[in-house]
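Please look over the model shown here before reading the briefing.

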Amino acid sequence: MQTSATPTHCPYCALQCGMNLTPTPDGGVKVTERADFPVNRGALCGKGRTAPAVLSSRVRLTSPLVRSGDTLMPATWDEALDRIAEGLSRARSAHGADACGVFGGGGLTNEKAYALGKFARVVLGTSQIDYNGRFCMSSAAAAGTKAFGLDRGLPFPLEDIPKTGCVILVGSNLAETMPPSLRYFNELRDNGGTLIVVDPRRTRTAEQADLHLAPRPGTDLALALGLLHLVVAEGRTDEAYIQERTTGWEEARAAAMVHWPEYVERITGVSVPQLREAVRMFCEPEAAMVLTARGPEQQSKGTDTVGAWINLCLATGRAGRPLSGYGCLTGQGNGQGGREHGQKADQLPGYRKLTDPAARRHVAEVWGVDPDALPGPGRSAYELLDALGTDIRTLLLMGSNPVVSAPRAAHVEERLKSLDFLAVCDVVLSETAALADVVLPVTQWAEETGTTTSLEGRVLLRRRAITPPDGVRSDLEVLHELAARLGVEKGFPTDPEEVFDELRRASAGGPADYFGITYRRLAEENGVFWPCPAQADFAEDAEDAEDASPDVRADAADSDASPELLTDAGDSEDASLDVRADAPARDDASDEHRPGVHPGTPRLFLDRFATEDGRARFAAVTHRAIAEEPDDEYPVLLTTGRVVAQYQSGAQTRRVDELNAAAPGPFVELHPRLAARLGAAEGDPVAVVSRRGRSVAPARITNSIRPDTVFMPFHWPGEGRANTLTNPALDPTSRMPEFKVCAVRVEAVKS
């Protein structure tokens with residue numbers, strides 16, 4: 001038995017906190033502190049600390065299951081795989097390739113996400129693939145790409161946050177969703193900086209703020225436009241920066257100027273004095289940041305909303321400069337990498353566009369197929385789920401639980417039941433897996449090696465610490481076996497490093513270029529920030545940097561940027577390497593790299609943006625109403641979110657006793673005035689009813705929420721399922737559903 005600790009990363013959120021896994025005498029592992037990883041510096045939340053509990057055979061799947069009537073029965077792997085291959089083949093033969101759907105997850109490693117996208121397009125020939133990350137960061141990704149030419153959640157490392165002057169945190173309760181990150185914001189305030197939190201609720205995060213703005217749900221766009229109006233009216237724009245580094249200002253300014261402060265106050269409920277104070281706090285320091293999360297993004301106008309917050313950064317010269325910029329707090333563990341390498345409906349590996357002929361040629365050459373054989377873009381996540389049982393007859397699903405996590409969840413559940421065939425790969429029998437015709441038990445984070453990409457854009461190496469139970473296989477093995485049964489004998493290796501090496505080649509030259517990253521570098525350097533291109537590309541970049549304007553180079557030299565930004569770094573070895581648990585780890589700011597290899601890119605856009613002309617684009621956007629405004633029948637607004645002791649759909653965390661003791665079930669958070677009108681006391685069951693369904697949960701009465709709003713966490717199935725209520729109205733650009741706001745009525749439940 002291995003006795004030494006294995007350095008790895010948490011399986012949950014996009015912080016990807018470092019941890020050590022130490023074997024225990026009973027064959028399991030325990031989590032111990034890993035202080036050398038710079039993001040969490042040893043700190044862990046309760047979810048990370050208790051993560052090994054889900055490795056127990058008491059709660060996880062250890063055998064394939066196949067449906068016999070109404071019952072799932074244990075089966076052999078050959079029987080289960082044969083059934084899946086037959087189900088996919090039948091759908092293709094009878095209805096065409098697009099009758100096969102594939103649905104992935106933001107928790108899959110880069111290797112799995114890459115292989116799943118390749119499997120869909122090469123083996124099945126289907127365009128119908130998307131993933132649950134569409135429900136998380138897609139609006140921020142769309143807005144960031146429009147503005148900057150590139151989407152990476154944070155264009156700077158978390159370590160920059162304490163050094164800036166002000167942060168506006170929009171729609172994030174990170175004290176509960178990613179607790180170890182809160183220290184960066186506490187350090188910001190300790191250093192004299194200020195924190196502004198925008199949230200309809202006075203959350204644990206809002207309690208830490210110097211200024212809390214509590215807008216009506218769904219009005220974040222108007223709020224951002226009102227702040228920009230004041231920036232212009234008070235003469236706080238950076239005209240030189242706008243002239244030198246942006247385009248589209250005249251149109252964006254004109255759009256913002258119709259959102260005068262009193263009008264914005266009426267829309268949002270945020271007072272004019274608070275608006276003015278926010279502008280003062282943001283504009284007075286030399287550097288500032290805006291960070292968004294699901295609050296402004298999970299709206300039917302999420303792309304425009306994020307674009308308006310980016311406009312605020314651009315108008316004040318707070319993007320592409322040291323210690324300033326816009327960033328998105330990516331949620332899922334591999335939410336960043338998951339949207340870069342091919343499981344998204346419109347993308348190929350390396351964040352390439354599926355509609356780009358050059359991208360198709362490059363990836364097709366790596367895959368050894370005809371570019372014309374690759375299907376085009378398919379449906380987005382909700383649209384794919386909505387088409388189940390009609391256009392899409394068979395679904396292969398990996399690492400997602402849409403019965404709990406999708407909007408209009410009761411409808412999605414019915415669409416899943418209507419399929420001719422459903423196959424699910426998961427570590428536990430989730431609510432979605434319970435509907436399947438075949439369920440395959442797959443390995444978990446501690447039982448496999450693979451890479452993830454954190455919210456910083458830092459590519460990380462998770463290492464295998466223990467042997468999985470008998471009867472459990474990896475997702476890569478599943479895809480290999482299915483491909484072989486469907487007539488593709490080669491191209492789906494089971495070794496994750498071999499898959500990663502192919503991913504590197506497929507990503508080379510793309511926006512998310514991983515070519516210069518190897519398993520060895522990840523083990524030695526505690527991760528590498530993308531883009532990290534080939535040596536020849538890096539040499540050309542270095543020559544270009546010599547010609548950069550003196551002002552740009554001075555900005556970089558005067559910053560607190562780590563040496564990688566200014567000097568060559570590293571030695572690359574493309575050869576395969578067995579990654580040892582005791583491999584030495586180096587801080588990412590080390591300057592011990594050897595000449596000739598790209599060091600990675602912790603900080604983006606300091607010289608130019610990733611657009612064709614190097615300039616950032618303003619977005620000319622205006623406020624518009626939410627998709628479903630309150631009325632006499634549904635007079636209250638519902639917003640949803642997370643609690644500290646549960647994660648996403650709860651499929652894993654609801655199986656951990658310690659976490660369930662802290663957060664045992666759903667609840668409805670409502671203001672005392674609303675509770676009094678209902679005659680509801682603390683703990684009384686209340687019903688929340690929308691046009692899509694009804695949920696019942698105990699009342700939690702608090703002054704921390706607006707009187708016109710109720711809040712429900714979305715981790716639970718059954719009667720208290722929050723997503724029974726939510727609205728699938730889609731953002732026209734990102735295809736993000738409007739999870740964050742819908743019209744409801746609240747009723748007391750009579751005993």
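Is the crossing of α3 and α19 left-handed or right-handed? The crossing of these two helices, α3 and α19, is left-handed, a term used when the near helix is turned anticlockwise from the far one by less than a right angle, whereas clockwise counts as right-handed. This is a predicted model, in which local features need pLDDT of at least 70 and side-chain atom pairs count only at pLDDT 80 or more, while totals for chains, interfaces and linings use all residues. Residues are numbered from 1 along each chain as its sequence is written, and side-chain values use heavy atoms, with hydrogens and water left out.

**Confidence**

- The chain averages a pLDDT of 92, and 91% of the residues score at least 70; pLDDT is the predictor's confidence in each residue, from 0 to 100.
- Over residues 541-593 pLDDT stays under 50, and for this stretch the model has 87 contacts beyond four places in sequence, a contact meaning heavy atoms within 4.5 Å.
- Where pLDDT is low, the predicted coordinates should not be read in detail.

**Helices α3 and α19**

- Helix α3 (residues 110-124) packs against helix α19 (residues 475-485) at an angle of about 15 degrees, with the axes 10 Å apart; helices (H or I, at least four residues) and strands (E, at least two) are DSSP runs numbered from the N terminus.
- Axes are lines fitted to C-alpha atoms, for helices over the stretch in contact, and angles run from 0 to 180 degrees between N-to-C directions.
- α3 and α19 are therefore roughly parallel to each other, given that angles under 35 degrees count as roughly parallel, over 145 as roughly antiparallel, 65 to 115 as roughly perpendicular and the rest as oblique.
- Among the residues making this contact are Leu-116 and Phe-119 of α3, together with Leu-479 and Leu-482 of α19.
- By class, the contact of α3 with α19 has 8 nonpolar, no polar and 3 charged residues, where Ala, Val, Leu, Ile, Met, Phe, Trp, Tyr, Cys and Pro count as nonpolar, Asp, Glu, Lys and Arg as charged, and the others, Gly among them, as polar.

**The sheet of 7 strands**

- An open sheet of 7 strands has the order β5-β4-β18-β17-β16-β6-β7 with mixed pairing; two strands pair if DSSP finds at least two bridges between them.
- β5 (71-74) and β7 (129-131) stand at the edges, each with a single partner strand, so one side of each has no neighbour in the sheet.
- Strands β17 (residues 421-426) and β18 (residues 438-441) run parallel and are joined by 4 bridges, and Cys-425 has Leu-440 in β18 as its bridge partner.
- Helix α2 (residues 77-95) lies across β4, β6, β16, β17 and β18, running at about 130 degrees to β18, while α19 lies across β16, β17 and β18 at about 155 degrees to β16.

- Strand β9 (residues 194-198) pairs with β10 in the parallel sense over 3 bridges, and Val-197 stands opposite His-212 in β10.

**Helices α7 and α13**

- The axes of helix α7 (residues 220-233) and helix α13 (residues 302-315) come within 8 Å and cross at roughly 20 degrees, which makes α7 roughly parallel to α13.
- The crossing of α7 and α13 is left-handed, and the residues that meet there include Leu-228 in α7 and Trp-309 in α13.
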